[in-house]
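Dear colleague,

Here is the structure I said I would pass on to you. Please have a look at it first, and then read on for what was found in it.

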Amino acid sequence: MRRLATALLSGALAMAVVPAMAADKVTLQLKWVAQAQFAGYFVAKDKGYYEDEGLDVDIKPGGPDIAPEQVIAGGGADVIVDWMAAALAARDKGVDLVNIAQPFDKAGLEIACPKDGPIKKPEDFKGHTVGVWFFGNEYPFFAWMNKLGISTEGGPNGVKVLKQSFDVQPLIQHQADCIHVMTYNEYGQLLDAGFKADDLLVFNYSKLGQNMLEDGLYVQQSKLKDPAFQDKMVRFVRASMKGWHYAVEHPDEAAEITVDAGAQDENHQKYMAGEVAKLIGDGKLDEAAYDRTAKMVVDQKIVSKAPEGAWTHEITDKAIK
């Protein structure tokens with residue numbers, strides 16, 4: 001017995017002097033504040049999926065004054081969540097962003113108008129006011145108006161663009177005839193404000209075939225040349241998609257985890273998590289969706305030339321089997 005105890009003690013002492021392997025640090029910059037739009041990442045951290053991959057992930061919330069493209073260009077993040085149009089616009093200006101994964105394979109952006117208002121069909125936007133988000137969120141609307149041949153400079157034959165706050169007040173206060181909403185956020189706010197679904201006419205960009213790719217994961221292309229960084233991103237994407245799949249299957253729990261991470265209003269986060277779950281794919285970028293988005297930003301002159309090399313399957317091919 002004494003010999004066994006001595007052996008166990010020796011083993012314990014040996015383990016105590018072996019240094020623990022340090023986890024690789026990753027900083028993720030979100031596109032917006034902590035909310036269930038990003039539930040997959042919070043779940044991956046909470047459930048230990050990042051830790052299982054040897055990663056120590058710092059999730060940084062965004063906000064109205066935070067542009068993920070600028071953060072990563074300034075060295076403040078390893079990877080960012082961004083919309084494709086904004087990423088392509090930044091790439092066109094010299095930030096070498098490249099898409100390494102695409103958790104959202106459907107778009108949640110749409111325009112909501114009161115059914116008893118003046119707008120019944122797309123052509124009716126002429127002469128009326130539409131609330132539009134900026135900071136890179138305006139590109140889908142401008143691209144659609146460009147396709148319809150409707151000016152965004154106002155006047156009787158154009159649409160007047162109202163710079164919209166990130167809430168639904170412009171519609172409630174009758175400042176705009178229609179506003180932009182996300183299926184998983186502001187649309188729910190309209191319902192909470194007293195609108196009924198039957199009261200609203202919705203122009204959904206996906207159903208119109210005018211959707212641009214939304215939340216994807218972007219890194220700097222130059223960094224991908226480093227095999228160690230590339231391996232780190234493979235593990236990050238694998239753990240993140242595991243988090244997303246869990247969030248899709250357990251939206252209420254994902255919402256609770258998101259609230260613990262700093263989000264507000266648990267009931268709204270549960271609504272949001274349920275709606276976001278409808279948009280999540282397998283993480284691999286759909287090339288046709290990329291081509292459509294790229295064509296729209298070129299046609300609308302958001303970028304000065306057709307983008308090249310703005311995405312890669314190299315990470316998801318290794319991360320997602």
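Among the contacts in the protein chain between residues at least 6 apart in sequence, 79% join residues that are at least 24 apart. Please keep in mind throughout that this is a predicted model.

As to the chain as a whole, it contains 13 helices and 11 strands, and its C-alpha atoms fill a box of roughly 95 × 45 × 30 Å along the principal axes. Of the 321 residues in the protein chain, 52% are buried, while the chain exposes about 15,100 Å², of which carbon and sulfur atoms supply 52%. The side chains include 34 positive and 46 negative ones, and the centres of these two sets lie 4 Å apart.

Turning to the strands, there is an open sheet of 6 strands with mixed pairing, in the order β2-β1-β3-β10-β4-β11. Its edges are formed by β2 (55-60) and β11 (280-283), each of which pairs on one side only, and the twist from one strand to the next averages 30°. Within this sheet, β3 (residues 79-82) and β10 (residues 216-220) run antiparallel and are joined by 3 bridges; D82, for instance, has G216 in β10 as its bridge partner.

Two helices that lie across strands of the sheet may also interest you. Helix α2 (residues 39-46) lies across β1 (24-29), β2, β3, β4 (97-104) and β10, and runs at about 140° to β2, whereas helix α5 (residues 84-92) lies across β3, β4 and β10, running at about 175° to β4.

Conventions. Residues numbered from 1 in each chain as written. Predicted model: local features only at pLDDT ≥ 70, side-chain atom pairs only at ≥ 80, totals over all residues. Heavy atoms only, no water. Pairing = 2+ DSSP bridges. Helix = DSSP H or I, 4+ residues; strand = E, 2+ residues; numbered from the N terminus. Axes fitted to C-alpha atoms, helices over the stretch in contact; angles between N-to-C directions. Contact = heavy atoms within 4.5 Å. Buried < 20%, exposed > 50% of the residue type's maximum accessible area, 1.4 Å probe, protein only. Areas by Shrake-Rupley, 256 points an atom, 1.4 Å probe, with all protein chains shown as cover. Lys, Arg positive; Asp, Glu negative; His and termini not counted. Charge placed at Lys NZ, Arg CZ, Asp CG, Glu CD.
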